[in-house]
Amino acid sequence: MPFQNLKQYILQKLASQTEQETHNFQNTFSEVLERETTHDEAVVLLLALVPHVLPHFFDEIIKELYPEGGEFPELGGVRLENHRGMLPTGETAQYILAKDNIEHRLQIQQLFDISHWFFKDQILTLDSVKYGEPMMSGRLILKAEIVHLLLYGEKLKPKFSPDFPAKEVFTQLEWQDLVVSDSIENQIHQIRLWMKHQQTLRENFGMGKHILPGYRALLYGPSGTGKTLTATLLGKEFAREVYRIDLSQVVSKYIGETEKNLEKIFTQAENKNWILIFDEADALFGKRTQTKSSNDRYANQEVSYLLQRVENFDGLVILTTNFKNNIDDAFLRRFNCLIGYSKPSADERLLLLQKILPKNILLEDSDILQKLASKYDLTGAQIVSVMAYACLQAIEERSDLLKNIFLLKGVEAEYLKEEKTFINL
């Protein structure tokens, strides 16, 4: 991107010269942002981007126009504590693009309306100003990931922080690795259909005016039965980023803070096609109680806020919980699907053991997997732990033979975790 031409271009604009110099930038922005960008939009993006590359840029312009010093109020601009140079504002964009043309200046203002794609796609906003001050005196703000995208042409993923208390989750597994009943598989397929055909459903079939935006799914059942794996597999199939919300960073004892923390996540995720996972969701979406104190009232307000926010979110929200009955009834009525996971049957346990068994490993007893599946009530996650335990023992012995005792000790370790009585074969 030819940043060396920026100064020449804006100086020419101040002198009412040709507008052709932004053509290359306009094409670049359109390509990178995957949106058709107008001349005015390209200039506004340039103005917001310049301080991230040339912090002295606007000060040098003013110095050239007023070499002996002086104010240039028409150009707008603000100065902050850390950044010593001038930062452009909405007024800067108006002056560069429209000078004193009132009609054009009003058109520039519309670029910062909430209906414009700058705002909807979280590309660029105007900083808020004090009450009574002109809106356009707010500085132009590009989100950090947009700055990175415009400069380097690659998307920067949000980092886990107090402003974004969520972590991206992945899986190396495939759908065939998820062992569930036919009933659960059919319900999961319904989510896959929505992800594949949602736009056609809303637009071509005219259902957009009848259904809420987005999709809400509740996955409930014992830990280790495939709830989170289902969400990550959906993300993998449809090339969607999957973020698991860290509830320890979200839930706050202070009134209103939980809602603020959640709003940061939903705002970041808007129009991004992300999948959001709320693990152990009953901590947030629990049942409302009869109001007996101010604490009850605020807790109920929190649940009501979540209900409204989840309804308005345009992406896929997946809530997981061990106990469906802990979720507020108002949420249950608004879920597009509720999928109940259960511990695998003996046949499913055998299939899981066979899938997880490493290809280059021999079994001491060819029937041991059948015996384990029949006798021990294990979840998918526990079976993975059993196999990992047994394989480590074989590695320690420098052997490719998986002894029965290794597998049984692995099962015993899982039973001890749950304080269950282990009975040997």
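Me: Is Asp-377 buried, partly exposed or exposed?

Reply: Asp-377 counts as partly exposed because its relative accessible area is 32%. Buried means under 20% relative accessible area, exposed means over 50%, and partly exposed lies in between (1.4 Å probe, protein chains only). Keep in mind that this is a predicted model: local features need pLDDT of at least 70, side-chain atom pairs count only at pLDDT 80 or more, and totals for chains, interfaces and linings use all residues. Residues are numbered from 1 along each chain as its sequence is written, and side-chain values use heavy atoms, with hydrogens and water left out.

Me: Which salt bridges does Asp-377 form?

Reply: A salt bridge here is a side-chain nitrogen of Lys or Arg within 4 Å of a carboxyl oxygen of Asp or Glu. Asp-377 forms one with Lys-343, where the closest N and O atoms are 3.8 Å apart. That pair links distant parts of the chain, 34 residues apart: Asp-377 is in the loop between helix H17 (368–375) and helix H18 (380–396), and Lys-343 is in the loop between strand E8 (337–340) and helix H16 (346–356). Helices (H or I, at least four residues) and strands (E, at least two) are DSSP runs, numbered from the N terminus. Asp-377 also forms a salt bridge with Arg-349, the closest N and O atoms being 3.6 Å apart. Here the partner, Arg-349, sits in helix H16, 28 residues apart from Asp-377.

Me: Are those two partners buried or partly exposed?

Reply: Lys-343 counts as partly exposed because its relative accessibility is 28%. Arg-349 is at 9%, so Arg-349 counts as buried.

Me: How many salt bridges does the whole structure have?

Reply: A search finds 17.

Me: What about the nonpolar core?

Reply: In soluble globular proteins, nonpolar side chains tend to be buried together. A nonpolar core is a set of buried Ala, Val, Leu, Ile, Met, Phe, Trp, Tyr and Cys residues joined through side-chain atoms within 4.5 Å. The largest one has 37 residues, and those touching the most other members include Val-44, Leu-45 and Phe-112. H3 gives the most to this core, with eight residues.

Me: And where can I see a charge over a ring?

Reply: Look for NZ of Lys or CZ of Arg within 6 Å of the ring centre and within 35 degrees of the ring normal. The charged end of Arg-192 sits over the ring of Trp-175, 4.5 Å from its centre. Lys-420 lies over the face of Tyr-415, also 4.5 Å from the ring centre.
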